[in-house]
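Dear colleague,

I am passing on a structure that I would like you to look over. The notes on what was found in it follow below.

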Amino acid sequence: MAKINCLIIILLIALIDVSLADDSSIVVRSSEQSGMIRIVFETENESLISQASVFESYSLVKIDFNEPFNYKGGALLEPVKIYKKEDSLFMNIRNLQKIKFVRLSSPPRLVIDAYLAEQKSPPPVNTVQAETKELRHLVVMFDAGHGGADMGVRGEQFKESLLTLSITSDLAKQIAPKVQKAVLLRKEDVQQSIEQKLTDVGNTRIDAFFSIHLTRQKHFNIYISKMPAYASSKVAKYNTTLAQSAYIERSRALANSVGQAITNGTKLNVVYAEIPLPLLSAIKAPAVMLELPEPQTLSYNAETIDTLAASIIKALMDYAKR
Amino acid sequence: MFIIAPILLLCSAAVAYYFFIWRDDGETLSQHIVSRKEQEKVVDNSTQIHIYYPEDSELKKITIKSKQTFDAIKSTEVALTELFSGKNIPNRSSIPADVKLLGLYYGVDKILYVDVSSELKKNFQGDATAELMLLKSIFETVINNMEAEDVKVLIDSAEAESLGGHFYLRYPLRRTVTQEIVTDGLHKAG
């Protein structure tokens, strides 16, 4: 009898534990209704929902729950990606225009309606084909700066690692139809060491490399690698960390083309610099690092992404013509 | 014999007086004053410490006085502590907050190992130029206060790959920070 009592007590404790654990669990579901995606975060813990703050920046939505929780995931539509970081969830929604949110009870839930921008109809195919014919053989790689624990520049409503991931993903999608291939070096919010990135780049034949970062300045920075004086020596030719020395003039030309196109497209200033960046220095292709102004200076909406994509395509065309 | 000895003693005393006390060597009064100032300098128990700090895309220098020490590593320790605390630095926005200097180790290869707390990495939020300038400021602050061939930064006593994700910390800094930065100015829109 005593054994049965003990078992009952253990079972009860286990049940209480499970119910307490479930209390701070959050599940998500999503549905689509004519140009709008509804994302619902549901939990048993009412304070999680009542204390939650929602921030929006370009295609990124941050939900700060202000206390620890257990994110259990759920059914998500394709344009939505969710990452958990500490007490917050970060949502990337492709072509996001604006959001509306509401807190509901029984059960406690946070409902976010994400309104998507209408996709612009592409220009006539024959014009595009004529303009971008030179690009058909190019493989272009985009590197989203930072990632994971290395968050880069942080603002109240954005993190460089997530914003660059979202921007590069959109740029690659827009540029992919015009080139042979647009490749993403980082597809998830994970930390990659410089050496890991170089190993991954080495596994793909590429014709142009763009590393996308943010700056706190109010202008764009465009960097190419500064090669040391001895880089042109015979010994340096066998040094893989200085592989860029064979492409430096082409990188300079590409940087100038990108800069001119961005200046014309965004009406913002551009500063060019050559600094000894180890990632660019080891790349066997024209390589450029582009630092974008932070979101307070330039709003990264669908229009800005279009402009940036058009600038990169224009620069690649100028570059290909040379 | 007894007379010669005191005479010799008297002569040597006279020669000593001539050479060490009486002879002026033509020194003027002002020269005496200068030498007195130099003496004061020696007596003054302070030494100059040079600190290089990043401000935007430039490196600026301040010089402070510290208690005199003949140990160059101690001077460098004072300089780096000052750089990270930023008490005398006019604009410390480019220096991460709450960084502590954990130790300095001078290797046989004349490399100074600068061991700092993880706040240097955690609280750094700059772009590529800001990262390069911060590394350059650490390097310049060290080599301007002591004789070191190179500088290597350790985070919490361990090797780290990078400070802000743009440059290596895995290798000593000289090769990265002494290369001339080529900037092509501001290309204005419109």
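**Helix 3 of chain B and its surroundings**

Directly after helix 3 of chain B comes Gly86(B), which has a positive phi, near 70 degrees; helices here are DSSP runs of H or I with at least four residues and strands are runs of E with at least two, both numbered from the N terminus. Please bear in mind that this is a predicted model, in which local features need pLDDT of at least 70 and side-chain atom pairs count only at pLDDT 80 or more, while totals for chains, interfaces and linings use all residues. Residues are numbered from 1 along each chain as its sequence is written, chains are lettered from A and ligands numbered from 1 in the order in which they are written, and side-chain values use heavy atoms, with hydrogens and water left out.

At the N-terminal end, helix 3 of chain B is capped by Asp71(B), a side-chain oxygen of which lies 3.1 Å from the backbone nitrogen of Ile73(B).

**The nonpolar cores**

Leu83(B) is also, with Phe209(A) and Leu120(B), one of the residues that touch the most other members of the largest nonpolar core, which has 56 residues; such a core is a set of buried Ala, Val, Leu, Ile, Met, Phe, Trp, Tyr and Cys residues joined through side-chain atoms within 4.5 Å. Helix 5 (residues 128-143) of chain B gives the most to this core, namely eight residues. Apart from it lies another core, of 44 residues, including Leu135(A) and Ala309(A).

His166(B) sits in the loop between strand 5 (150-155) and helix 6 (174-177) of chain B, and it counts as buried because its relative accessibility is 3%. Its side chain makes polar contacts (pairs of N or O atoms within 3.5 Å; within protein, one must be able to donate a hydrogen and the other to accept it, and residues adjacent in sequence count only if both atoms are side-chain atoms) with the side chain of His213(A), at 3.4 Å, and with that of Glu131(B), at 2.6 Å. Leaving aside neighbours within four places in sequence, His166(B) is in contact (heavy atoms within 4.5 Å) with residues including Ile194(A).

Ile194(A) is itself buried in helix 5 (residues 194-202) of chain A, as are Lys197(A) and Val201(A).

With best regards

Conventions. Buried < 20%, exposed > 50% of the residue type's maximum accessible area, 1.4 Å probe, protein only.
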